[in-house]
Amino acid sequence: MAFASAGLNPESVYRTNQPQTLLSLVRHGLGTGVTNALAVTTANLTGVRLVPIRDAGVERQVAIFVHRDRPRTPALDQVITAVQAVQPPTWP
């Protein structure tokens, strides 16, 4: 969506849903990768440069699934609070 909103239509030669595989392809000079902010928070960025796509007009929604017939525990309440408090990372 970010590319389309900028009038771009890049050709994908390789596709993967694994961030480390994507970074390895980039690290070995096989192209440029695009991934979400969450994926790079735990990724090994050695040998690659991160360039944020700003104002892309897209965002990621995260959901927590809970069993409808089981009561929420204090631990689950803490997880929900922590997830709701997370803000997207900001990069230089």
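Me: What makes the meeting of the R72 and D77 side chains a salt bridge?
Reply: Their N to O distance is 2.8 Å. The term asks for a side-chain nitrogen of Lys or Arg within 4 Å of a carboxyl oxygen of Asp or Glu, so the pair R72 and D77 qualifies. This is a predicted model, in which local features need pLDDT of at least 70, side-chain atom pairs count only at pLDDT 80 or more, and totals for chains, interfaces and linings use all residues. Residues are numbered from 1 along each chain as its sequence is written, and side-chain values use heavy atoms, with hydrogens and water left out.

Me: How many salt bridges does the structure hold?
Reply: The count is 1.

Me: Why is R72 called exposed?
Reply: R72 has a relative accessible area of 52%. Exposed means over 50%, buried under 20%, and partly exposed in between (1.4 Å probe, protein chains only). R72 is therefore exposed.

Me: Is D77 buried, partly exposed or exposed, and what makes it so?
Reply: The relative accessibility of D77 is 29%.

Me: Where does G33 lie?
Reply: G33 sits in the loop between α2 (19–27) and α3 (37–40). Helices here are DSSP runs of H or I, at least four residues, and strands are runs of E, at least two, numbered from the N terminus.

Me: Why is G33 called partly exposed?
Reply: G33 has 33% relative accessibility.

Me: Which residues is G33 in contact with, leaving aside its neighbours within four places in sequence?
Reply: They are L22 and V26. Contact means heavy atoms within 4.5 Å.

Me: How far apart are G33 and S12 in sequence and in space?
Reply: They are 21 residues apart in sequence, and their C-alpha atoms are 9.6 Å apart in space.

Me: How many helices and strands are there in the protein chain?
Reply: The protein chain has 4 helices and 0 strands. Along the sequence, the pattern is α-α-α-α.

Me: How much of the protein chain is made up of buried residues?
Reply: Of its 92 residues, 9% are buried.

Me: Among contacts between residues at least 6 apart in sequence, how many join residues at least 24 apart?
Reply: In the protein chain, the share is 39%.
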